[in-house]
Amino acid sequence: MAAPRIAVLGLHHEGNRWAPVVFRQDMRITRGDALIDDSRAPHPRVTGGTVGFVREMDATGPWTPMPIVLADAGAAGPLDHALLGEIKEEMRRGLEAAMPLDGVYFAQHGAGISTGSHDPDGEMYALARRIVGPKVPIVTILDLHAMVSDEMVDSVDYVAAYITNPHVDQMARGAECARAMRALLGGLKTAKAFIRLPIQAPQVTQLTAPGTGPYSEVIAYGQTQLDATVLNVSILGGFTYGDTPYQGMAFIVTTRDDPARAKALCRELAQRAWDARQRFVPHLTQLDDCVAGAVARGDDPALPAVVIADVADNPGGGGRGNTTWLLRALYAAEAKGVILGHMFDAPLAAEAHALGVGARFEAHFNRAETDERSQPFRVPAEVVGLSDGVFVGQEGGSRAGMTVDLGPTAVLRVGTVTVVVITKRQQTIDPGYFENVGVSVTDARTVVVKSRGHFRAGFSKYFRPDQIIEADVPGLTSPNLGNFEFRNVVRPLYPLDRDATWTPPAW
Ligand SMILES: [Zn+2]
């Protein structure tokens, strides 16, 4: 075949039902040649799944990229439904204009929601299928926090979900999708099996490093089953806070045209996870205990340093990244050697930049925030550092080699606590998020991160797993599922319903 014409497009959105609605100005939209050019740049800004696919396609032969649009909202509230319609319309027009196509690649996340739809991802895949017809391969990458609908699985030929959490294999899975695309172009036929279990595992129980729990075990087992017939095993923990009918742990097995093998393995994997369901329960540390530990470490250098993960306010799950429960308590307790990041507060960062290094002022956190969990906090502060917030992600982290842009950033000394304030809401991914503004991680006794778990990859060079605790404070991403009023999930759903039952499909 002459250089195949491959459409590249996607929606990257993890929708938290309780977070503020996303409008166009809240999205990063990359369209046309910029999508391909950025993927080929030394330190890209687009998603790792896009970069991995483009680079592997480049490396494996000629192709004609037909870039359309990548709409990236990250983890945030539901998309405004009109905005979703505009994105889908841009995708429709782009796909139709790019015809005849030989293949379609979705650089997708898979946990999208809008104010009027529970399944934007499935709608996009089905739209593409209608346009290109049944024979043109459609390949998609998915975040392992995707909420998987039947329409998503039925509309595509090949699915590759991340197998790591923290997500350090985004580029590798994108590359896998490129190789699958080449095979499909060469005549490969796939058969898939799909099961969605009624387990909504709180996000902190979905780690994949060895020894971190049942999710890591079933993912590792799935990877041992890959062979000449089993091409991909994707096990998606799902996104706890989407509140859609597609909540649940999803198992997708893709084989080389062997439906029986796909079904048998899919059922076995689901059964393994179901049998382990009682272990999908988080172990959180109460605020008082977090603070007492920080005070003790500040006073006794012999104690090992600790990371406190503010898992309930994870911008990577739609959290606002600005709740003040830990900041207020650690400040009041005068815990020594505390660094805390990353507080999303654009007005405060701008004020600190205007005042300059050395200025002392009354910091007013959350002056412009409306979410009730992000309470205002006024406290005397000193500006001790400023930066533009742009740097390259550290090796080992889930943004390794990629451009990180926190926007104008300020380091404030608030009593005994050093706080990093940023302009663009995002989670703390690796130690560079502190070190690039002159805040030492290795000198700190307690490091507070606004992150559910992605920090674990980058911070593992300084902290063992037993030096990490997860705080139980309020927030939009609290692992305490009882804190949320779910309206759209299919009940019963474990562990919301401890008596939930499941029967394997008869097939
Ligand atoms: Zn994820």
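## The largest cavity

Tyr162, Ile163, Ile219, Gln223, Val233, Ser234 and Ile235 form the lining of the largest cavity, where a cavity is, on a 1 Å grid over the protein atoms alone, a set of points where a 1.4 Å probe fits but cannot get out, and lining residues have an atom within 4 Å of a point. The model is a predicted one, in which local features need pLDDT of at least 70 and side-chain atom pairs count only at pLDDT 80 or more, while totals for chains, interfaces and linings use all residues. Residues are numbered from 1 along each chain as its sequence is written, and side-chain values use heavy atoms, with hydrogens and water left out.

The volume of the largest cavity is about 30 Å³, a volume being the space filled by probe spheres set on the grid points, which are joined across faces, edges and corners. The structure holds 1 cavity of 30 Å³ or more. Helix H7 and strand S8 (230-236) each supply at least two residues of this lining, and S8 gives the most, with 3 residues; helices (H or I, at least four residues) and strands (E, at least two) are DSSP runs numbered from the N terminus. By class, the lining of the largest cavity has 5 nonpolar, 2 polar and no charged residues, with Ala, Val, Leu, Ile, Met, Phe, Trp, Tyr, Cys and Pro counted as nonpolar, Asp, Glu, Lys and Arg as charged, and the others, Gly among them, as polar.

## The second largest pocket

The second largest pocket holds about 330 Å³ of space, a pocket being an open set of grid points with protein on both sides within 12 Å along at least five of seven lines. Its lining comprises 21 residues, of which Asn165, Pro166, Ala209, Thr212 and Arg456 lie nearest the centre of the pocket.

Helix H7 (214-224) and helix H13 (455-459) each supply at least two residues of the lining of the second largest pocket, and H7 gives the most, with 3 residues. Sorted by class, the lining of this pocket has 12 nonpolar, 7 polar and 2 charged residues.

## The zinc site

The zinc ion is coordinated by Asp143 through two entries for OD, by His145 through ND1 and by His167 through NE2, at 2.0 to 2.6 Å; donors are N, O and S atoms within 2.8 Å of the metal (3.2 Å for Na, K and Ca), and water is not among the atoms, so sites may look incomplete. The 4 donor atoms subtend angles of 53 to 145° around the zinc ion, which makes the arrangement irregular. Under the rule applied, four donors count as tetrahedral if all angles lie between 85 and 135 degrees, four count as square planar and six as octahedral if opposite donors are over 155 degrees apart and all others between 65 and 115, and anything else is irregular.

Along the chain, the donors of the zinc ion follow the spacing D-x1-H-x21-H. Histidine 145 lies in the loop between strand S5 (138-142) and helix H5 (150-155), and histidine 167 in the loop between strand S6 (158-161) and helix H6 (170-185), so the pair ties together parts that are 22 residues apart in sequence. Histidine 145 is buried, with a relative accessible area of 2%, and histidine 167 also counts as buried, at 5% relative accessibility; buried means under 20% relative accessible area, exposed over 50%, and partly exposed in between (1.4 Å probe, protein chains only).

## The chain as a whole

The secondary structure of the chain comes to 13 helices and 20 strands, and buried residues make up 62% of the 507 residues. Taken along the principal axes, the C-alpha atoms fill a box of roughly 65 × 50 × 40 Å. The chain has a radius of gyration of 23 Å, in agreement with the value near 23 Å that a compact globule of 507 residues would have; the radius is taken over C-alpha atoms, and the globule rule is 2.2 Å times the number of residues to the power 0.38.

## Backbone details

Most residues other than glycine have a negative phi, and most peptide bonds are trans. A cis peptide bond joins glycine 341 and histidine 342, with omega about -5°, and histidine 342 lies in strand S12 (residues 338-344). The peptide bond from arginine 491 to proline 492 is also cis, with omega near -5°, and proline 492 is placed in the segment after strand S20 (468-472).

Asparagine 366, although not a glycine, has a positive phi of about 65°; this asparagine is found in the loop between strand S13 (360-365) and strand S14 (377-387), and counts as buried at 3% relative accessibility.
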